[in-house]
Amino acid sequence: MKGRRSARASLIWVALALAIGVPIAFAAGSEQLAWRGPVYILAGFAGMIALGLVLVQPLLIGGYLPGLSAYRGRRAHHWIGGALALAVVIHVAGLWITSPPDMIDALTYTSPTPFSPFGVTAMWAIFTVALLALLRRRLGLRLRTWRIVHIPLAIIIVAASVAHCLLIEGTMETISKAVLCAAVLAATVKVMVDLRRKRTLRGESVARQ
């Protein structure tokens with residue numbers, strides 16, 4: 001029994017590592033990197049890492065990663081949220097350095113590229129969640145209020161990030177990128193369904209008492 005649990009835990013961690021690592025590895029071997037400067041490359045890989053962290057977040061909050069208690073999962077979710085915001089800052093700053101006019105167009109939602117509005121929307125949602133998380137105690141946000149604010153923003157982050165990534169034709173390999181995006185969507189949908197089910201069961205239990 002313990003052997004099966006250990007094997008299952010190992011498979012989950014390996015699958016997560018492959019889902020995030022394979023697209024990044026393929027991108028690292030892309031021929032297009034030969035035509036890019038170091039700052040642009042750094043910005044691009046920061047964006048890829050950010051998408052990988054978007055996958056990790058629902059897995060943590062849903063308790064799907066073995067070896068982590070509920071408390072450790074929540075703490076890791078908090079710190080990885082900060083790392084996600086930092087990765088986005090590096091991504092945007094690098095693109096700003098390499099092409100300020102393009103970034104101005106993107107930030108003002110006037111860019112002709114179809115992926116830009118989704119990326120900027122995801123960015124603002126990520127920054128909003130990060131800021132609210134930092135100020136949550138000072139603002140006196142209760143858990144219920146925090147969830148009401150956080151869940152819709154999380155949905156926006158996931159949907160916009162996936163759309164942004166899929167619409168970009170760059171260094172990322174198509175199939176591995178699609179698999180990563182599908183994993184992000186699947187993990188998010190699962191945690192939303194499971195959390196809703198738990199709240200429903202909890203409500204029914206309270207009503208019976």
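**The largest pocket and its surroundings**

In this predicted model, 42 residues line the largest pocket, and those that lie nearest its centre are I61, R74, H77, W146 and H150. The volume of the largest pocket is about 1500 Å³. If you sort its lining residues by class, you find 23 nonpolar, 10 polar and 9 charged.

Let's turn to the second largest pocket, which has a volume of about 1100 Å³. Its lining is made up of 43 residues, with H91, L95, F115, H164 and I168 nearest the centre. Here the elements giving two or more residues are α2, α3, α4 (100-107), α5 and α6. This time α2 gives the most, with 9 residues. The lining of the second largest pocket divides into 24 nonpolar, 14 polar and 5 charged residues.

Take α5 to begin with: the axes of α3 and α5 come within 10 Å and cross at roughly 140°. Because of that angle, α3 counts as oblique to α5. The crossing of these two helices is left-handed. On the α3 side, the contact is made by L84, A85, V88, V89 and V92, and on the α5 side by M123, I126, F127 and A130. By class, this contact has 9 nonpolar residues, with no polar and no charged ones.

The other partner is α4. The axes of α3 and α4 come within 5 Å, crossing at roughly 130°, so these two helices are also oblique to each other. From α3, the residues in contact are V92, L95, W96, I97 and T98, and they meet P100, M103, I104 and L107 of α4. This contact has 8 nonpolar residues, 1 polar residue and no charged ones.

Two residues of α3 are handy landmarks as you look around. V92 takes part in the contact with α5 and also in the contact with α4. L95 belongs to the contact with α4 and is one of the residues nearest the centre of the second largest pocket.

Terms used. Residues numbered from 1 in each chain as written. Predicted model: local features only at pLDDT ≥ 70, side-chain atom pairs only at ≥ 80, totals over all residues. Heavy atoms only, no water. 1 Å grid on protein atoms, 1.4 Å probe; cavity = no way out; pocket = protein on both sides within 12 Å on 5 of 7 lines; lining within 4 Å. Points joined across faces, edges and corners; volume = space filled by probe spheres on them. Nonpolar A, V, L, I, M, F, W, Y, C, P; charged D, E, K, R; others polar. Helix = DSSP H or I, 4+ residues; strand = E, 2+ residues; numbered from the N terminus. Axes fitted to C-alpha atoms, helices over the stretch in contact; angles between N-to-C directions. Parallel < 35°, antiparallel > 145°, perpendicular 65-115°, else oblique. Left-handed = near helix turned anticlockwise from the far one by under 90°. Contact = heavy atoms within 4.5 Å.
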